[in-house]
Amino acid sequence: MSALPELCGHAELQERFRTAAATNRLPQSLLLHGPEGVGKQQLALWIGALVLCDAESGPRPCGVCTACRRVGALQHPDLHWFFPVSRPSGSHTPVYPRAPEA
Ligand SMILES: [Zn+2]
């Protein structure tokens, strides 16, 4: 079972990113934008796993190697997860979103 969150509806993007990574043409930075709930965070995690996966054969990311498991848990030391944090009006306490479900 994969340690990465399920990624639905991005098959074409996944293939483009996989090809770009395999040919060392993956950009150094990517901006993912779109409506809420379309899977941008899951796609970003998938891309992180694609880059960091330790699998020596088979499709990448494998979803089961140590690197993929750490990415899925947001615990890989080379994965830096940045996101905007909302703060309710009048509050000094930010509201942190939860990590995507694996
Ligand atoms: Zn892997």
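Which helix does Gln14 lie in?

Close-up 1. Everything shown here comes from a predicted model, so local features are kept to parts with pLDDT of at least 70. Gln14 sits in helix α1, the stretch covering residues 11-22. Is Gln14 buried or exposed? Its relative accessibility is 15%, and since anything under 20% goes down as buried, Gln14 counts as buried. Leaving aside residues up to four places away in sequence, Gln14 touches Leu7 and Trp46.

**Close-up 2. Four cysteines around the zinc ion.** The zinc ion gets its protein donors from the SG atoms of Cys53, Cys62, Cys65 and Cys68, lying 2.3 Å from it. Along the chain, these donor residues follow the spacing C-x8-C-x2-C-x2-C. Why is the arrangement called tetrahedral? Because the 4 donor atoms subtend angles of 104 to 118° around the zinc ion.

**Close-up 3. Cys62 and Cys68, two of the zinc donors.** Cys68 has 0% relative accessibility, so it counts as buried. Cys62 comes in at 25% relative accessibility and therefore counts as partly exposed.

**Close-up 4. Inside the largest pocket.** How much space lies in the largest pocket? About 930 Å³. Its lining is made up of 27 residues, and Leu30, Leu32, Ala44, Trp81 and Phe82 are the ones nearest the centre. Sorted by type, the lining residues come out as 16 nonpolar, 8 polar and 3 charged.

Definitions and conventions. Residues are numbered from 1 along each chain as its sequence is written. This is a predicted model: local features need pLDDT of at least 70, side-chain atom pairs count only at pLDDT 80 or more; totals for chains, interfaces and linings use all residues. Side-chain values use heavy atoms; hydrogens and water are left out. On a 1 Å grid over the protein atoms alone, a cavity is a set of points where a 1.4 Å probe fits but cannot get out, and a pocket is an open set with protein on both sides within 12 Å along at least five of seven lines; lining residues have an atom within 4 Å of a point. Grid points are joined across faces, edges and corners, and a volume is the space filled by probe spheres set on the points. Ala, Val, Leu, Ile, Met, Phe, Trp, Tyr, Cys and Pro count as nonpolar, Asp, Glu, Lys and Arg as charged, and the others, Gly among them, as polar. Donors are N, O and S atoms within 2.8 Å of the metal (3.2 Å for Na, K and Ca); water is not among the atoms, so sites may look incomplete. Four donors count as tetrahedral if all angles lie between 85 and 135 degrees; four count as square planar and six as octahedral if opposite donors are over 155 degrees apart and all others between 65 and 115; anything else is irregular. Buried means under 20% relative accessible area, exposed over 50%, partly exposed in between (1.4 Å probe, protein chains only). Helices (H or I, at least four residues) and strands (E, at least two) are DSSP runs, numbered from the N terminus. Contact means heavy atoms within 4.5 Å.
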